[in-house]
Amino acid sequence: MGFDLYGLKPTENTERPPILSKFKDNDGWNNWKKMTEEDKDAYCKADTAHQEENPGIYFRANVWWWRPIWMFVCYSCDFLSAKDCDKGGHNGGETISKTKSLRIASRLRKLDKTGVIDAWVDEYMKKYEKAEKYNKTVQKRLDYLQDVVKVKFGDNIVPSDYPEPYKTQWNNIYDEKSWGSSYPTNKDVIMQFADFCEQSGGFEIC
């Protein structure tokens with residue numbers, strides 16, 4: 001699962017390469033069956049280059065990386081309403097206006113220059129690493145319980161089928177995991193989002 005963000009009216013820094021439209025059907029989708037392997041390779045290279053040259057077209061992050069980005073944006077951008085922030089919590093086609101998108105970019109650039117992003121990422125990743133270390137101890141307990149169950153009931157049994165009391169023990173230990181180790185971040189991805197916001201003309205979250 002990921003979050004795909006599309007610029008509503010992105011800045012066009014370079015022209016769209018003809019190959020990106022060459023194989024489209026009437027419905028606007030690419031017909032990959034008509035493309036040779038060379039065509040596919042040329043298409044992918046052209047598409048990657050075009051997006052790099054025009055960052056306002058598209059931004060993508062999987063759910064694990066998107067959550068910290070949007071969390072920091074909502075924490076830092078007091079001009080975003082609660083409704084705006086809620087829009088970034090799901091990929092249901094909600095939009096952020098051009099005005100607010102530009103303000104997000106401006107705020108992120110200011111926070112980058114003043115060192116706020118570096119400090120926030122550093123503190124955030126310390127918590128991430130602490131959670132990761134803690135989860136390793138939880139996993140060791142799960143592995144031990146799994147070995148005990150396999151000795152008693154064989155190798156082909158999964159936790160959802162564990163007999164009691166082992167199933168409850170597994171669930172209780174698993175619930176101790178910290179999900180803080182599931183959502184990494186870094187400054188580069190935050191600033192890539194700033195580039196997207198600046199040139200997107202507003203964006204849709206899908």
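Is E176 buried, partly exposed or exposed? With a relative accessibility of 33%, E176 counts as partly exposed (buried is under 20% relative accessible area, exposed over 50%, and partly exposed in between, with a 1.4 Å probe and protein chains only).

The structure on display is a predicted model, in which local features need pLDDT of at least 70 and side-chain atom pairs count only at pLDDT 80 or more, while totals for chains, interfaces and linings use all residues. Residues are numbered from 1 along each chain as its sequence is written, and side-chain values use heavy atoms, with hydrogens and water left out.

**Stop 1: salt bridges**

Select R141 together with E176. Their side chains meet in a salt bridge, at 2.7 Å from N to O (the term denotes a side-chain nitrogen of Lys or Arg within 4 Å of a carboxyl oxygen of Asp or Glu). The pair links distant parts of the chain, 35 residues apart: R141 belongs to helix α6 (residues 116–153), and E176 to the loop between α7 (166–174) and α8. Helices (H or I, at least four residues) and strands (E, at least two) are DSSP runs, numbered from the N terminus. R141 is partly exposed, at 38% relative accessibility.

Next, select D84 and K100. This salt bridge has its closest N and O atoms 2.5 Å apart. It connects helix α4 (residues 82–87), where D84 lies, with helix α5 (residues 98–113), where K100 lies, across 16 residues. D84 is buried at 6% relative accessibility, whereas K100 is partly exposed at 25%.

Now move to K187 and D112, whose closest N and O atoms are 3.2 Å apart in a further salt bridge. K187 lies in helix α8 (residues 187–200) and D112 in helix α5, so the pair ties together parts that are 75 residues apart in sequence. Both partners are partly exposed, K187 at 28% and D112 at 24%. The count for the model comes to 12 salt bridges.

**Stop 2: the sheet**

Select strands β1 to β4. The 4 strands form an open sheet in the order β2-β1-β4-β3, with antiparallel pairing (two strands pair if DSSP finds at least two bridges between them). Which strands stand at the edges? They are β2 (58–62) and β3 (94–96); each has a single partner strand, so one side of each is left without a neighbour in the sheet. Neighbouring strands are turned by 20° against each other on average, direction ignored (axes are lines fitted to C-alpha atoms, for helices over the stretch in contact, and angles run from 0 to 180 degrees between N-to-C directions).

Within the sheet, β1 (residues 2–7) is joined to β4 (residues 203–205) by 3 bridges; select L5 to find its bridge partner, I205, in β4. Between β1 and β2 there are 5 bridges, and these strands also run antiparallel. Here F3 stands opposite A61 in β2.

Turn to the side chains of β2. In a regular strand the side chains alternate between the two faces of the sheet. In β2, F59 and A61 form the covered face, while Y58, R60 and N62 form the uncovered one.

**Stop 3: the pockets**

Select Y6, K24, N30, Y43 and D47. Of the 13 residues that line the largest pocket, these lie nearest its centre (on a 1 Å grid over the protein atoms alone, a pocket is an open set of points where a 1.4 Å probe fits, with protein on both sides within 12 Å along at least five of seven lines, and lining residues have an atom within 4 Å of a point). The space in this pocket is about 410 Å³, a volume being the space filled by probe spheres set on the grid points, which are joined across faces, edges and corners. Helix α2 (residues 37–53) supplies the largest share of the lining, 4 residues.

The second largest pocket has a volume of about 290 Å³. To display part of its lining, select residues including D47, Q51, Y58, R60, Q192 and D195. At least two lining residues come from each of α2, β2 and α8.

**Stop 4: a cis peptide bond**

Finally, select E164 and P165. The peptide bond from E164 to P165 is cis, with omega near 5°. P165 is placed in the loop between α6 and α7. For context, most peptide bonds are trans.
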